[in-house]
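Me: I have a structure open and would like to go through it with you. Shall we start with how the helices pack?

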Amino acid sequence: MEAMLIQYPWLDELLMGFLGLSWKHVVMWLIGATLIYLAVKKDYEPALLLPIGFGAVLANIPHSSAISKVVGEEGFLWVLYQGGIANELFPVLIFVAIGAMCDFTPLIRRPIVMLFAAAAQFGIFATAVLATLMGFSFEHAASIGIIGAADGPTTIYVASRFAQDLLGPLSVAAYSYMSLVPVIQPPVIKALTTSAERKIKMGYENEEPVSRTAKFLFPILIVLIAGMVAPISVALIGSLMFGNILKESGVVDNLSNAAQSELANLVTLLLGITIGGTMSAERFLTVEVAMIMALGAVAFVFDTAGGVLFAKLLNIFSKEKMNPMIGACGISAFPMSGRVIAKMALKEDPTNFIIQHAIGVNVAGQVASVVAGGLVLALIPALAK
Amino acid sequence: MLTAATAKALTMMGIALPTMFAVILIFMLATKLLHKAFPAESEELEGDDD
């Protein structure tokens, strides 16, 4: 073959794809195909898993021009990576879109639910500790733990700062497990609660309606408090709340609608395919990545357990008992987690409607996950010294 | 024996979790005050989907 290539140098150009192909590339095509299958056939986070899967295929064609880093011939995935992920732009823009979609009314009406959201972030830190025990460096372990925020943009944001080489697997793990919330949470909740606890009904007494002024001022208030505690979190919480104030102001409906639809769709598309572009075979097919995928599942289990156990603890001290299942909605997988828990309550007792409470905790999870992300961002450089 | 990385992760947990609850408590109090300071007026309630 080499003799032929020397004799006919143009053959090298024509056959470079075949000559550079290895079994690792083929495995990555299969992984990409699996992500596409899950998106298309199983409807698991299709807006993200479809572009990620296709990006992974593009990145694993030998000598792919899509990921070329050659100066003057940079591939579009590499350009997007530099322009949107390495500088953290895409996650921040996604937060603007999420903020515009969020309705914080249930949270303002019943602020105590924020405590569940705080407890449900336990998974981040427990997983980080576990990851160090498995041999990861502190920075990588903390970035792996962030999968437990159940918040894709926060995961990408932290990883792009402290674990750039693990960005692909971390994102895939975060989004895969977010789509698997209906599979992961119910067995953990059932293991930690009794049937009687799952049947606890929660009323809506003493809950006053929320004024438009309160809804408008809420994002400003949260930004100021979070920003003062962890200035490093301002980009994340600030963009989330900026999106929300667009919505709550009521005077820029066109901008709010654009954030919720065009911006969300466009950035999701670019984010997904760019993440897929980072999943090259040499980076992805490692024991480390297999461990990250396993730790991602562990993070979600710890989050769920943390929220449920905290709710049970509060019930010991409170007169008005709460359904401990709502503690599990403190993860940021919104609104999937809230819906899953509400369905579980209905399954136990068809007259038990806890959807409003569950969604309230789930919205609080959005805020808490960003606060947790901000704290991790602040603590990694401080502790890594 | 704890590795340096594990010790740092445990320290992070020890600092971040209580800080997290402290921040959330501040959020809770501030939100309660906000809700009290700006109650919904009757005309707002009509047609409101709260």
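Me: Is the crossing of α6(A) and α16(A) left-handed or right-handed?

Reply: Please note that this is a predicted model. In it, α6(A) and α16(A) cross in the right-handed sense.

Me: At roughly what angle do the axes of those two, α6(A) and α16(A), cross?

Reply: The angle is roughly 35°, and the axes of α6(A) and α16(A), residues 234–249, come within 6 Å.

Me: Which residues make that contact between α6(A) and α16(A)?

Reply: From α6(A) there are A:Val92, A:Phe95, A:Val96, A:Ile98, A:Gly99 and A:Ala100. The α16(A) side supplies A:Ala235, A:Leu236, A:Ser239, A:Leu240, A:Phe242, A:Gly243, A:Asn244 and A:Lys247. By class, the contact of α6(A) with α16(A) comprises 9 nonpolar, 4 polar and 1 charged residues.

Me: And α12(A) with α19(A): how do their axes cross?

Reply: Helix α12 (residues 167–179) and helix α19 (residues 287–317) of chain A have axes that come within 9 Å and cross at roughly 35°. That crossing of α12(A) and α19(A) is right-handed.

Me: Which residues of α12(A) and α19(A) meet there?

Reply: Among them are A:Pro169, A:Leu170 and A:Tyr177 in α12(A), and A:Ile292, A:Met293 and A:Phe300 in α19(A). The contact of α12(A) with α19(A) has 13 nonpolar residues, 2 polar and no charged.

Me: Changing topic: how many salt bridges are there over all chains?

Reply: The whole structure contains 5. In one salt bridge, the side chains of A:Glu88 and A:Arg161 meet at 2.9 Å, N to O.

Me: Where in the chain do A:Glu88 and A:Arg161 sit?

Reply: They lie in distant parts of the chain, 73 residues apart. A:Glu88 is in the loop between α5 (76–85) and α6 (89–101), whereas A:Arg161 belongs to helix α11 (residues 152–162).

Me: On to the interface. How many residues of chain B are in contact with chain A?

Reply: There are 32 residues of chain B, in contact with 48 residues of chain A. The area buried between the two chains is about 3,600 Å², and carbon and sulfur atoms give 81% of that area.

Me: Which residues of chain B lose the most area to chain A?

Reply: These are B:Met12, B:Phe27 and B:His35, together 19% of what the chain B side buries.

Me: How many salt bridges and polar contacts are counted between chain B and chain A?

Reply: The count is 0 salt bridges, with 3 residue pairs in polar contact.

Me: Which element of chain B gives the most to the side that touches chain A?

Reply: That is α1(B), with 25 residues. By class, the side of chain B that touches chain A has 22 nonpolar, 5 polar and 5 charged residues.

Note on methods: Residues are numbered from 1 along each chain as its sequence is written. Chains are lettered from A and ligands numbered from 1 in the order in which they are written. This is a predicted model: local features need pLDDT of at least 70, side-chain atom pairs count only at pLDDT 80 or more; totals for chains, interfaces and linings use all residues. Side-chain values use heavy atoms; hydrogens and water are left out. Axes are lines fitted to C-alpha atoms, for helices over the stretch in contact, and angles run from 0 to 180 degrees between N-to-C directions. Helices (H or I, at least four residues) and strands (E, at least two) are DSSP runs, numbered from the N terminus. A crossing is left-handed if the near helix is turned anticlockwise from the far one by less than a right angle, and right-handed if clockwise. Contact means heavy atoms within 4.5 Å. Ala, Val, Leu, Ile, Met, Phe, Trp, Tyr, Cys and Pro count as nonpolar, Asp, Glu, Lys and Arg as charged, and the others, Gly among them, as polar. Buried area is the accessible area (1.4 Å probe) that two parts lose on being put together, summed over both. A salt bridge is a side-chain nitrogen of Lys or Arg within 4 Å of a carboxyl oxygen of Asp or Glu. A polar contact is a pair of N or O atoms within 3.5 Å; within protein, one must be able to donate a hydrogen and the other to accept it, and residues adjacent in sequence count only if both atoms are side-chain atoms.
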